[in-house]
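Visitor: I have a model open on my screen and would like to go through it with you. Could you take my questions one at a time?

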Amino acid sequence: MSSNDSNQKFEHNHSTPVVTKAYELITGDEDSRVCKEIPEQACKHQPKNFFAYLIANFLGKVADELASAKLILPWLMGALGAPSAMVGFLVPIRESGVLLPQLFVAAAVRNRPKRKGVWLLGAGLSGLALLLMSVTAISFSGAIAGWALLIALVIFSLARGLCSVSAKDVLGKTVSKGKRGVLMGISAGLAGIATLAVGIYIEFFNATPPIELLAFLLLLGGILWFISLFFFSAIEEHDGATEGGGNAIQTAIKSFVLLKTDKPFRHYVIGRILLLSSALVPPFYILLAQQYSAQQLTGLGMLIISSGVASMVSAPLWGKLGDRSSRVVMALASLGTGLIGITLFSLVELNSDWLTHPLTHALFFFAVTVFHGGVRLGRKIYLVDLANEKTRATYVALSNTVIGIAMLTGGLVGILADTVSIQFVILLLSLLAIFAAWWNFRLKEVSV
């Protein structure tokens, strides 16, 4: 029976009875031997692989939150006295560091019959990078600490790129179609709960000095990556197809002419570059909140809680509207980013007493996180709807290349935080977000 048949049933199950029963309970599958679009060998190990992937993915997500470039690292840099200009590069390095290397290594990874080893390498390097950040937090301060954290973040981002480019391939080969969404949903939900628990602990129960606590969070993140490596290594992966491993960077370079000849795509890429304002601004919200906290941890827990809740509500909030019109989602979310940023700038300039309360900053960070979620969802849906089967791979490779470069360039905005003020950077990015809203609203409608 072909592995491409819609349903497969095999008599052998190499997972323990407890694991098999738990798998059937969680997935609602009364027979763990029924598989869809995975090889026979993988079907034998499916319950075991399901939980190994789920736990590894959950631990990785929690570790990512403990080293968030939008929240934890900006606060740490501020506490260590690193220049604000360096904070501006946290998100660009984190995002482009994951994105750009994938374009170069994707083909090599897909030419490997087994991809699990690539993920394990990425996980190991991710853990080491977070351990380096933890050591940096308790050993250095000022610009030296800032540079050390950025270097460690480069390693972390490149490592996460290795995990990203291999994870979906391993999932597709080891977990049956129809069960992958359940796995990812449970993993994300548990990670969200864990993140909220961390925020509640920091806000209401923690008595550890700020830098020591942040160093511990990074240490814990590194340990979680090593534990996830242990679970992922338990996945039984068999040789898979090696065709289809085209070089994405070569595709992108050959296709740069599309930016000149394909007007709808060119307008989308310009719109996506403008939308980077929503990705670049959150760390400066954190620096501003930290200024009003007198360098203590007051409010950090609240910010973590607000970020976790925002991530949970963002997708359902924007998802249905995204199916109706992704360009409207991009425009509305970007407009919201701009308006709340201008409001925050005004409160700072008016020296408002509201800013002395941590809840105010938590609400602003909640809002900017929700709006950024809308921007991300909208641009992804728009690109898929704009492209067709022939152009999709080219569009993705080319736009990712351009955006990765633009993101790194955008990090320079942090220099203004040192030379002018943090609130000025928030204002500048907010005005850019409003312009992005206007631009993206004028894009060609592709959702209908």
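This is a predicted model: local features need pLDDT of at least 70, side-chain atom pairs count only at pLDDT 80 or more; totals for chains, interfaces and linings use all residues.

Visitor: Which side chain does glutamate 445 meet in a salt bridge?
Guide: The partner sits in helix α17 (residues 326–349), while glutamate 445 is in the segment after α21, 118 residues apart. The N to O distance in the pair is 2.8 Å, and the partner is arginine 327.

Visitor: Why does the pair of aspartate 64 and arginine 94 tie together separate parts, and how many residues apart are they in sequence?
Guide: Aspartate 64 counts as buried at 17% relative accessibility, and arginine 94 does too at 16%. Aspartate 64 lies in helix α3 and arginine 94 in helix α6, so the pair ties together parts whose separation in sequence is 30 residues.

Visitor: What is the distance between the end C-alpha atoms of helix α3?
Guide: Helix α3 is mostly covered, with 16 of its 21 residues buried. At 1.5 Å a residue, the 21 residues should span 30 Å. The model agrees with that, because the end C-alpha atoms are apart by 30 Å.

Visitor: Arginine 379 is buried yet has no salt bridge; how far away is the nearest side chain of opposite charge?
Guide: Arginine 379 lies in helix α18 (residues 358–386). Leaving aside neighbours within four places in sequence, its contacts are Tyr268, Arg272 and Met330. A salt bridge would need a nitrogen within 4 Å of a carboxyl oxygen. For arginine 379, the nearest side chain of opposite charge is glutamate 95, at 6.0 Å.

Visitor: How many residues are in the largest nonpolar core?
Guide: Trp119, Met133, Phe284 and Tyr285 touch the most other members. Methionine 133, for one, is in contact with residues including Leu73, Leu149 and Phe156. The number of residues in this core is 86.

Methods. Residues are numbered from 1 along each chain as its sequence is written. Side-chain values use heavy atoms; hydrogens and water are left out. A nonpolar core is a set of buried Ala, Val, Leu, Ile, Met, Phe, Trp, Tyr and Cys residues joined through side-chain atoms within 4.5 Å. Buried means under 20% relative accessible area, exposed over 50%, partly exposed in between (1.4 Å probe, protein chains only). Contact means heavy atoms within 4.5 Å. Helices (H or I, at least four residues) and strands (E, at least two) are DSSP runs, numbered from the N terminus. Lys and Arg count as positive and Asp and Glu as negative; His and the chain ends are not counted. The expected span of a helix is 1.5 Å times one less than its number of residues.
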